[in-house]
Amino acid sequence: MNTDKTAIRIAAVDAWEILDSRGNPTVAASCALRNGIRVQAHAPSGASTGTHEAVELRDRDPRRYCGKGVLRAVANVRERIAPAVAGFQVEDQAGVEGAMLALDGTADKSNLGANAILAVSCAVARAAAVARGIPLWRYLAGGRAAKQPLPMTNILSGGLHAGHNMEFQDFLVMPQGIDGYPAQLEAIVAIHRQTRMLLEEAGCVLTGVADEGGWGPHLESNERALAILTAAIERAGYAPGDEVSIALDVAASHFYQDDAYHLRSEKRVLSNAEMVDLLADWAGRYPVRSIEDGLHEDDWAGWKILTDRLGASQQLVGDDFFTTNLARVDRGIREGCANAVLVKMNQIGTLTETFAVIDRAREAGYRAVISARSGETEDSFLADLATASGAGQIKIGSITRSERLAKYNRLLEIDRELQGHA
Ligand code: PGA
Ligand code: ZN
């Protein structure tokens, strides 16, 4: 290892436009050190975004990628961020990010763009790990107890990720009763296969997969998806509830209108209390253990009802509800809303703020699920982040499509690194 302090200073930061898993532009950034190390990192991008997320800067030029180009964010890295962070010690993550935040000067990162800031944040952290010659997860962990996360894996998709076939966005499995990540992954793949067979037997025409690689069939109702997934767990040879349970991402903000929840496929329009009744009913009849965004992102009164009713038996995860935002998480903790946080780096835009949310959740007895976005790239950073955080859970999407597998496969490698393999 090179111990010359000047050799681990940032020499240059650069950025360019790449495409994500939906074919939309996103930001790639590189970080070069004075000792010759050069690495890159990519910003992910959501579709079912929360209102309170940091701003993903897009060009809005209709002549390129329907306005979704990110050349302005790229230019912000090259022309503004790069000169401001050059010369920093590469391990001074907070310093580098502080410089970017000062330069941005807004609460929602709308000046430089959270996509620009995050890509640089991740590239800098990765360069520091390479400079030290240790795995990224070990570098990111700092004093935290690193831990292999349990995958929460999408099998059936609805909502914005699958052409609004059903209202609920994700039907996922969690192999929480199976020991060891490789065996958990094998169970998930078996359930994914069995789900396909059950769908075909039910006469569903499967023409492809949804945005996160799960099946996106036209089922007559959300409850039917729960029944099929439970049957798939059984047919794959696992005990529903004991070995493998179900997680839901309701993504309720996206079917909320005029103070009500519009479940078109169930032919019902529900109040928040009635939504809680429905979720409680399904959680009682199917092996559901985790419910994400069961209610609208600003329905604080509803979240209190939900948490009082189901908080003891269910993991209640805030995604659009919290948007990885410390102030919103603090309010949730104060008011007794939810008991877990979905953590998405690009909802907040820096690693320091991401870890602040994870650490605050842990202190308050809230769980954390480290999550990808529906728009991803081949960057596997998230696998290392989840392991480093010790949060114990990761949500990547399904087990098809390489932008997902980059993370699942990196976790297989991390599994070996955690056991001491070089
Ligand atoms: P998004 O969805 O990345 O499209 O926002 C993921 C989720 O809601 O968990
Ligand atoms: Zn979600």
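**Sites, ligands and loops**

User: Is Gln393 buried or exposed?
Analyst: Gln393 has a relative accessible area of 7%. Buried means under 20%, exposed over 50%, and partly exposed in between, with a 1.4 Å probe and protein chains only. Gln393 is therefore buried.

User: What kind of model is this, and from which number does residue numbering start?
Analyst: This is a predicted model: local features need pLDDT of at least 70, side-chain atom pairs count only at pLDDT 80 or more, totals for chains, interfaces and linings use all residues, and side-chain values use heavy atoms, with hydrogens and water left out. Chains are lettered from A and ligands numbered from 1 in the order in which they are written, while residues along each chain, as its sequence is written, are numbered from 1.

User: Which side chain does Gln393 join by a polar contact?
Analyst: Gln393 lies in strand S14 (residues 393-397). Strands (E, at least two residues) and helices (H or I, at least four) are DSSP runs, numbered from the N terminus. A polar contact is a pair of N or O atoms within 3.5 Å; within protein, one must be able to donate a hydrogen and the other to accept it, and residues adjacent in sequence count only if both atoms are side-chain atoms. At 2.8 Å, the side chain of Gln393 makes such a contact with that of Gln315.

User: How many residues surround ligand 1?
Analyst: A residue counts as near if one of its heavy atoms lies within 4 Å of the molecule. The closest are Ala47, Gln169, Arg373, Ser374 and Lys395. The shell divides into two nonpolar, six polar and seven charged residues. Ligand 1 is surrounded by 15 residues.

User: Why does ligand 1 lie between two domains, and which are they?
Analyst: The domain bounds come from an automatic or database domain assignment. Ligand 1 lies between the two because both give residues to its shell: domain 1 (5-133) and domain 2 (141-418).

User: Which residues coordinate the zinc ion (ligand 2)?
Analyst: Donors are N, O and S atoms within 2.8 Å of the metal (3.2 Å for Na, K and Ca); water is not among the atoms, so sites may look incomplete. The donors follow the spacing D-x42-E-x26-D along the chain. At 2.1 to 2.2 Å, the coordinating residues are Asp249 (OD), Glu292 (OE) and Asp319 (OD).

User: How many residues apart are Asp249 and Glu292?
Analyst: Asp249 is in strand S6 (residues 245-249), and Glu292 is in strand S10 (residues 288-292). Asp249 is buried at 1% relative accessible area, and Glu292 is buried at 2%. The pair links distant parts of the chain, with a separation of 43 residues.

User: Is Arg60 buried or exposed?
Analyst: Arg60 lies in the loop between strand S3 (38-42) and helix H1 (71-85). Its phi is near 60°, a positive value in a residue other than glycine. At 71% relative accessibility, Arg60 counts as exposed.

User: What is the relative accessible area of Ala338?
Analyst: Ala338 is in the loop between helix H9 (326-335) and strand S12 (340-343). Phi of Ala338 is near 65°, a positive value in a residue other than glycine. Ala338 is buried, as its relative accessible area is 3%.

User: How far is Ala312 from Asn339, C-alpha to C-alpha?
Analyst: Ala312 sits in the loop between helix H8 (300-310) and strand S11 (315-318). Ala312 is exposed, at 86% relative accessible area. Along the chain Ala312 and Asn339 are 27 residues apart, and their C-alpha atoms are separated by 9.2 Å.

User: Which backbone oxygen does the side chain of Gln419 reach?
Analyst: Gln419 lies in the segment after helix H13 (402-418). At 55% relative accessibility, Gln419 counts as exposed. At 3.3 Å, the side chain of Gln419 reaches the backbone oxygen of Asp415.

How values were computed. Nonpolar A, V, L, I, M, F, W, Y, C, P; charged D, E, K, R; others polar.
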